[in-house]
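Visitor: I'd like to learn how to read a protein model feature by feature. Could you walk me through one?

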Amino acid sequence: FIDTTLCTACRGCQVACKNWNRNGTIPTKNTGSHQNPPDLDGNTFKLVRFSEVETDGKVAWYFFADQCRHCLVPPCKDTIEGYVDDAVIQDEATGAVVFLEKSKEAPHEEVTSSCPYDIPRHREKGPMVKCTMCIDRVSNGLKPACVKVCPTGAMNFGELDEMIALANERLAKLKPKYPKAQLLDADEVRVIYLVVDD
């Protein structure tokens, strides 16, 4: 459960993800935003997106730690399996959707476009990649790297029903102040976001 109202865009989650997964870097440049890199890529599974919004003459910053949502019924898995067998697993215990090396044989653009959140990417001459829900950490009793380093409590990890209860409790608390507050696709995904605006 990711509560975007508690995110300060420190990008600790983004760095922890890159570090845990031993992902390389890519050259970047200033694009006029604090967001860096500009998008997810073969070495960036989690990206804190920055959005500046003006409402009634007041500027608000919205931060969104974008990553795979680990859909209950993942369209990317269906797409890959339409081309390659044994290229994706969906862990029974956590629901994590993990791409395997054979995913490189699937048509990259088709896999990415099948995702309603535009998440999967491919590594040059390598497999399709995205957040793995730190399945290696979680299966050993540890929290995902991004959750472990979050200093504000914006990121939470646990059983799906516990996270939904926590999300609904937080939503009820914020609704009076933020009437547009909502949970994004909470009945379709395992990574639930709380946002306060459309």
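Visitor: Which residues of helix 1 are buried?

Guide: A word on the model to begin with. This is a predicted model, where local features need pLDDT of at least 70 and side-chain atom pairs count only at pLDDT 80 or more, while totals for chains, interfaces and linings use all residues. Residues are numbered from 1 along each chain as its sequence is written, and side-chain values use heavy atoms, with hydrogens and water left out. Buried means under 20% relative accessible area, exposed over 50%, and partly exposed in between (1.4 Å probe, protein chains only). Helices (H or I, at least four residues) and strands (E, at least two) are DSSP runs, numbered from the N terminus. In helix 1, the buried residues are Cys 13, Gln 14, Ala 16, Cys 17 and Lys 18.

Visitor: What do the buried residues of helix 1 pack against?

Guide: Look for contacts, meaning heavy atoms within 4.5 Å. The partners here are strand 2, strand 3 (58–66) and helix 5 (145–149).

Visitor: Which residues touch the most other members of the largest nonpolar core?

Guide: A nonpolar core is a set of buried Ala, Val, Leu, Ile, Met, Phe, Trp, Tyr and Cys residues joined through side-chain atoms within 4.5 Å. The largest one has 16 residues, and Cys 13, Val 48 and Met 155 touch the most other members. Strand 2, strand 3, helix 5 and strand 9 (193–195) are the elements that give two or more residues to this core. Strand 3 gives the most, with three residues. Another core, of 11 residues, lies apart from it and includes Phe 1, Ala 181, Leu 183 and Leu 194.

Visitor: Where is Asn 23 found?

Guide: Asn 23 sits in the loop between helix 1 (12–20) and strand 2 (47–55). Its relative accessible area is 8%, so Asn 23 counts as buried.

Visitor: With which side chain does the side chain of Asn 23 make a polar contact?

Guide: A polar contact is a pair of N or O atoms within 3.5 Å; within protein, one must be able to donate a hydrogen and the other to accept it, and residues adjacent in sequence count only if both atoms are side-chain atoms. The side chain of Asn 23 pairs in this way with the side chain of Arg 123, at 2.5 Å. The Asn 23 side chain also reaches the backbone oxygen of Asn 43, at 3.4 Å.

Visitor: What about backbone angles? Which residue takes a positive phi just after helix 1?

Guide: That is Arg 22, with a phi of about 55°. Ala 9 has a positive phi too, near 60°, and lies in the loop between strand 1 (2–3) and helix 1. His 70, in the loop between strand 3 and helix 2 (75–81), has a phi near 50°. With a relative accessible area of 0%, His 70 is buried.

Visitor: Which residues does a cis peptide bond join?

Guide: Asn 36 and Pro 37, with omega about 0°. Pro 37 belongs to the loop between helix 1 and strand 2.

Visitor: To finish, where does His 34 lie, and which residues does His 34 touch?

Guide: His 34 is also in the loop between helix 1 and strand 2. Leaving out residues up to four places away in sequence, His 34 touches Arg 11, Phe 50 and Trp 61.
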